[in-house]
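Below are my notes on the model, as numbered points. Please read them with the structure open.

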Amino acid sequence: MSENSRKDGQKARVEAYKRKKRRENRHRAYALLLFFLILTIFVFVMLFRIMGRQRPRPRFMFLTEEKLSSELETTALLIRDESVYNAPIDGLFRSFVPQGGRVARQMKLGQILPPGKEDQLRLIEKAENDVNDRRYELLDEGKGGDATRVFEASRESIRRNLRIYYDDLLKGSTVRAPEIEAEIRLTLEQRLDDINNYEFQDPELSSLIAYRENLEKGLDGEVQTIFSENSGLFMRRLDGLEKDLTPDLALSISEEETRNYLKRAGEAKAVEEKVEAGKPFYKLCRSIEQYFVMILPRGKVSSEDENTRLRLSCPANGVELKDARIIRVEEARGGTLVVCSSQQNLEAFSSMRKAPLLVHLHESRGLRVPKTALINYREGNTEAEIKLISGGYVHKVAVKIIEDNARYALIEGMEGGEYPVEVSTMILLNPQSMEEGEPIVISN
């Protein structure tokens, strides 16, 4: 046999041996994978069996007399006295009042600059900022005299209002936020007026003021100043329903109209700075009160409730209204049409056309239990069952549902019941944790 044939035979045996080892390794890996898979399935099966046999730990409570507030979730249509104003000329509207700010009659709201004057406006705004920056530098250097005292007094007022605001936030309340914001803005405006009227006797400041005034004179005759025609809330967001939804409509609006307006009431659109002559560019909310139009389930409110007060709360802004007075109740095809008026927190609702509300109808007292403790209960039921403890054993008893809301129900025992349902009766909060007739075993 030649040398080459011998080498080829050795090489073939080596390759065959390698293939054999690869097959063995592959079979061993498959066997291990199958073993771990079977072990995992076995562990899960055992866990599920153990969990299925392990019932939840019983939780108990003693019945006590508590208050229960009957609440309804609804969406209300908001109606206010609003006036929309059209731009007198084309141009760029420079607002002096923030969104939602309160304005008085003949108050300066802003200016409209003709098209093509945007660069000049930016120069004026920069010059105004330079003037204010220099004033604050002089105040920091102690060269403000009486103006420094005005500045310090206003700073303390702002700090006090911010402390109140932060305290309310920590308590989860934003009810006073609009009032605090308005007071801070008024303080800042008053401070700016006082500082503007003070003579600092500083050459650099005087030159900055002169430069700003020259820029403003360059626009004289071209800029149109806008003054408020009435007092109210200044709004630069419009939804197109302002002319339709007037206070007079609140006294005659029908169920069908209410539903249609709720469908049309989307998010109000912000008006752009660039305005066109004859087109809306701001509105004033002139209301001293606002109206909430709601459709509630039948039987919750009747005509006898007119002129009574409801408590309304809005989860969207955290505001609670305690002065909402029912001014109109009308039975409709899909429920009861209810119209309420309120004079509180107009700023908090000024940007809304429809608001998610919780209607707190009335409060009752009785034996209050969580609905999770009730057995065979469905919404609207007047009867259910509970599991109570008597004589050391678990008993299932029937109860009447007196009142309920989303989470709780007021109950009382049935007449002639074998086991009393009264104050201090112990019940199971999780009735599935123990079976009827099972003894109570207390262990350490």
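Where is Met107 found?

1. Met107 lies in the loop between E5 and E6. Helices (H or I, at least four residues) and strands (E, at least two) are DSSP runs numbered from the N terminus. With a relative accessible area of 26%, Met107 is partly exposed; the classes are buried for under 20% relative accessible area, exposed for over 50%, and partly exposed in between, with a 1.4 Å probe and protein chains only. Leaving aside neighbours within four places in sequence, Met107 is in contact (heavy atoms within 4.5 Å) with Val97, Arg102, Ile226, Phe227 and Ser228. Met107 and Phe227 are 120 residues apart in sequence, yet their C-alpha atoms are 5.4 Å apart in space.

2. On the basis of the model: it is predicted, so local features need pLDDT of at least 70 and side-chain atom pairs count only at pLDDT 80 or more, while totals for chains, interfaces and linings use all residues. Residues are numbered from 1 along each chain as its sequence is written, and side-chain values use heavy atoms, with hydrogens and water left out.

3. Overall content. The protein chain has 8 helices and 21 strands. Of its 444 residues, 37% are buried. Among contacts between residues at least 6 apart in sequence, 77% join residues at least 24 apart.

4. The sheet containing E6. This is an open sheet of 4 strands in the order E7-E6-E4-E11, with antiparallel pairing; two strands pair if DSSP finds at least two bridges between them. Strand E7 (224-227) and strand E11 (274-275) are the edge strands, each pairing on one side only. H2 packs on the sheet and touches E4 and strand E6 (108-113), its direction making about 20° with that of E4. For that angle, axes are lines fitted to C-alpha atoms, for helices over the stretch in contact, and angles run from 0 to 180 degrees between N-to-C directions.

5. Pairing in that sheet, strand by strand. E4 (residues 91-95) and E11 run antiparallel and are joined by 2 bridges, with Leu92 partnered by Lys274 in E11. E4 and E6 also run antiparallel, joined by 4 bridges, and Ser95 has Gly110 as its bridge partner in E6. E6 in turn pairs with E7 in the antiparallel sense over 4 bridges; there, Ile112 has Gln224 of E7 as its partner. Because 5 of the 6 residues of E6 are buried, this strand is largely enclosed by the rest of the structure.

6. A further sheet. Another open sheet of 4 strands has the order E3-E12-E8-E5, with antiparallel pairing. Its edge strands, each pairing on one side only, are strand E3 (82-86) and strand E5 (102-103). Strand E8 (residues 232-235) and strand E12 (residues 280-285) pair in the antiparallel sense over 3 bridges, and Leu233 has Cys285 as its bridge partner in E12.

7. Helix H2. This helix has 23 residues and reaches 33 Å from its first C-alpha to its last, close to the 33 Å expected at 1.5 Å a residue; the expected span is 1.5 Å times one less than the number of residues. Buried residues in H2 include Leu121, Ile124, Val131 and Leu138, and also Glu128, Asn132, Arg134 and Arg135. Just after H2, Gly142 takes a positive phi of about 80°.

8. Helix H5. Its 15 residues (203-217) should span 21 Å at 1.5 Å a residue, and the end C-alpha atoms are 21 Å apart, which agrees. Leu205, Arg212 and Leu215 are the buried residues of H5. They cover an arc of only 85° around the axis, so they sit on the same side of H5; the arc is that of the directions from the helix axis to the C-beta atoms. Pro203, Asn214 and Lys217 are exposed on the other side of H5. Helix H2 (118-140) is included in what covers the buried residues of H5.

9. Arg353. Which residue does the side chain of Arg353 meet in a polar contact? The partner is the side chain of Asp239, at 2.8 Å. A polar contact is a pair of N or O atoms within 3.5 Å; within protein, one must be able to donate a hydrogen and the other to accept it, and residues adjacent in sequence count only if both atoms are side-chain atoms. Arg353 is in the loop between helix H8 (346-349) and strand E17 (354-370), and counts as buried because its relative accessibility is 3%. Not counting residues up to four places away in sequence, Arg353 touches a list of residues including Leu77, Ile79, Glu82, Asp239, Glu242 and Lys283.
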